[in-house]
Amino acid sequence: MADQEQTALWADANRRVLDDLSELSIAALRGQHDAAVRWHAMWPELFADPLRWYQKVLLESVDMAQRTFRLIGANAKALSQAVDRVQATAEQTGQRVQETLSISASRAREAVRRAA
């Protein structure tokens, strides 16, 4: 039973890590797609008003850099939380294994005493 619980705990921790990283990846892809659409819409303006186009491109670049840094921060936070969850799961598993071994050792000693 303890093995099944440990496996379930590890599977749950892994699922959470993958869910967090998947959400961040999807957000990054969505951001890149949106930026590509905006850049595509700005392209004709290059020939009509180059100074205004340059200003828009500069603002878009700054905005994209800010979003990228926020996403990197969110990714680091999610990864840190995932590591914390895995550590907590490992500690719980270690405690359960220790308890199981302690109980097994006690039962073995008791069985030896009875046999003697």
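With a relative accessibility of 31%, Glu 110 counts as partly exposed. The views below show details of a predicted model, whose average pLDDT is 83, with 97% of the residues scoring at least 70.

**View 1. Salt bridge between Glu 110 and Arg 114 in helix H3.** The two side chains meet at an N to O distance of 3.5 Å. About one helical turn separates Glu 110 from Arg 114, because they lie four residues apart in helix H3. Arg 114 is classed as exposed, its relative accessibility being 66%.

**View 2. Network of salt bridges linking Arg 38, Glu 60, Asp 63 and Arg 67.** Glu 60 belongs to helix H3 (residues 50-115) and is buried, at 10% relative accessibility. Its side chain makes a polar contact of 2.8 Å with the side chain of Arg 38. Leaving aside residues up to four places away in sequence, Glu 60 touches Ala 35, Arg 38, Trp 39, Met 42 and Arg 67.

**View 3. Salt bridge between Asp 19 and Arg 15 in helix H1.** The side chains meet at 3.0 Å, N to O. Asp 19 and Arg 15 are four residues apart in this helix, which means that about one helical turn separates them. Both count as partly exposed, Asp 19 at 34% and Arg 15 at 43% relative accessibility. Helix H1 (residues 2-42) has the lowest confidence in the protein, at a mean of 78, whereas H3 has the highest, at 86.

**View 4. Salt bridge between Glu 45 and Arg 52.** The closest N and O atoms are 2.9 Å apart. Glu 45 is buried, at 17% relative accessibility, while Arg 52 is partly exposed, at 44%.

Key. Residues are numbered from 1 along each chain as its sequence is written. This is a predicted model: local features need pLDDT of at least 70, side-chain atom pairs count only at pLDDT 80 or more; totals for chains, interfaces and linings use all residues. Side-chain values use heavy atoms; hydrogens and water are left out. Helices (H or I, at least four residues) and strands (E, at least two) are DSSP runs, numbered from the N terminus. Buried means under 20% relative accessible area, exposed over 50%, partly exposed in between (1.4 Å probe, protein chains only). A polar contact is a pair of N or O atoms within 3.5 Å; within protein, one must be able to donate a hydrogen and the other to accept it, and residues adjacent in sequence count only if both atoms are side-chain atoms. Contact means heavy atoms within 4.5 Å. pLDDT is the predictor's confidence in each residue, from 0 to 100. A salt bridge is a side-chain nitrogen of Lys or Arg within 4 Å of a carboxyl oxygen of Asp or Glu.
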